[in-house]
Amino acid sequence: MKKRTVLVTGASRGIGRAIAVAFAKSGDYVLINYRENDKAAMDCAKEICAFGGQCALYKADLRSPEAAAEMFAAIEREGCGIDILVNNAGISLWKLLPDTTEEDWQNVLDSNLTSAYRCAKAVLPQMIRRKSGKIINISSIWGEIGASCEVAYSASKAALIGFTRALAKEVAPSGITVNCVSPGMIGTSMNASFTPQEIAAFTEEIPSGRIGRPEEVAEAVLFLASDSASYITGQILSVNGGLS
């Protein structure tokens with residue numbers, strides 16, 4: 001099988017790291033984007049190299065158009081044509097809407113939505129020329145059903161679902177698929193602000209009776225990136241233990 005080049009944004013930890021590792025284990029060349037945590041990014045790269053996988057690190061704050069442009073220019077200089085883009089970069093925000101500042105709101109949108117726009121816009125010209133490519137966006141269950149005290153986060157993730165569906169229609173004639181994975185409660189540092197009691201209470205609402213693992217989200221992403229999913233586009237694959 002041809003080695004593919006996969007760009008995973010926000011890949012230094014959590015779901016992004018699990019996705020990067022899973023692609024590397026499948027034999028793909030993984031470009032690991034991260035914003036600031038050098039140690040976490042290096043740990044991810046070391047894990048991949050330990051089993052013989054291949055990867056490269058790209059530090060860039062995708063909230064910045066200049067930083068995003070510099071990253072893609074560097075990727076192009078190294079001759080890497082991106083076959084698969086996984087838009088995973090994002091942040092959470094736990095605040096009541098009246099307490100959410102303009103800066104909070106814009107920061108969440110730039111991190112969770114605009115970064116995906118910038119990356120998709122950068123990779124699409126080469127994908128269109130090749131008449132092939134896959135874009136997979138990571139949304140959230142809260143983008144589907146909403147979450148109290150997470151209006152900004154829920155809105156950004158809901159917008160990412162709309163972005164997925166619209167872009168899928170736009171680029172399908174060029175042989176490109178665009179899909180979305182929507183995780184439920186997953187055991188990552190993003191949920192570290194919740195107390196064990198809050199986690200336990202939430203778990204009781206999940207029909208599967210447990211929170212998910214980052215590796216389970218990664219498996220869903222790998223499926224959508226596979227040849228088996230070549231006729232699947234514009235879809236939202238929910239990985240939430242039956243919560244919705």
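**A tour from threonine 188**

Select threonine 188 to begin: at 19% relative accessibility this residue counts as buried, where buried means under 20% relative accessible area, exposed over 50% and partly exposed in between, with a 1.4 Å probe and protein chains only. The model is a predicted one, in which local features need pLDDT of at least 70 and side-chain atom pairs count only at pLDDT 80 or more, while totals for chains, interfaces and linings use all residues. Residues are numbered from 1 along each chain as its sequence is written, and side-chain values use heavy atoms, with hydrogens and water left out.

Threonine 188 is found in the loop between E6 and H7; helices (H or I, at least four residues) and strands (E, at least two) are DSSP runs numbered from the N terminus. Leaving aside residues up to four places away in sequence, threonine 188 touches Gly14, Ile15 and Pro214, contact being heavy atoms within 4.5 Å.

Pro214 leads on to helix H8 (residues 214–224), whose buried residues are Pro214, Val217, Ala218, Ala220, Val221, Leu222 and Leu224. Show next what covers these buried residues, which includes helix H1 (14–25), strand E4 (84–87), strand E5 (133–138), strand E6 (176–183) and strand E7 (236–239).

Now turn to the aromatic rings, where a search of the whole structure finds one aromatic pair. Tryptophan 142 and phenylalanine 202 form this pair, which is edge-to-face, at 5.7 Å centre to centre and with 75° between the planes; rings of Phe, Tyr and Trp (its six-membered ring) pair if their centres lie within 6.5 Å, and planes under 30 degrees apart count as stacked, over 60 as edge-to-face and the rest as tilted. Because tryptophan 142 lies in helix H5 (residues 141–145) and phenylalanine 202 in helix H7 (residues 196–204), the pair ties together parts that are 60 residues apart in sequence. Tryptophan 142 counts as buried at 18% relative accessibility, and phenylalanine 202 counts as buried at 17%.

The last stops concern the backbone. Most residues other than glycine have a negative phi. Select lysine 131, which has a positive phi of about 60° although it is not a glycine; lysine 131 has its place in the loop between helix H4 (102–130) and E5 and, at 52% relative accessibility, counts as exposed. Cysteine 149, also not a glycine, has a positive phi of about 70° and lies in the loop between H5 and helix H6 (151–171), where, at 21% relative accessibility, cysteine 149 counts as partly exposed.
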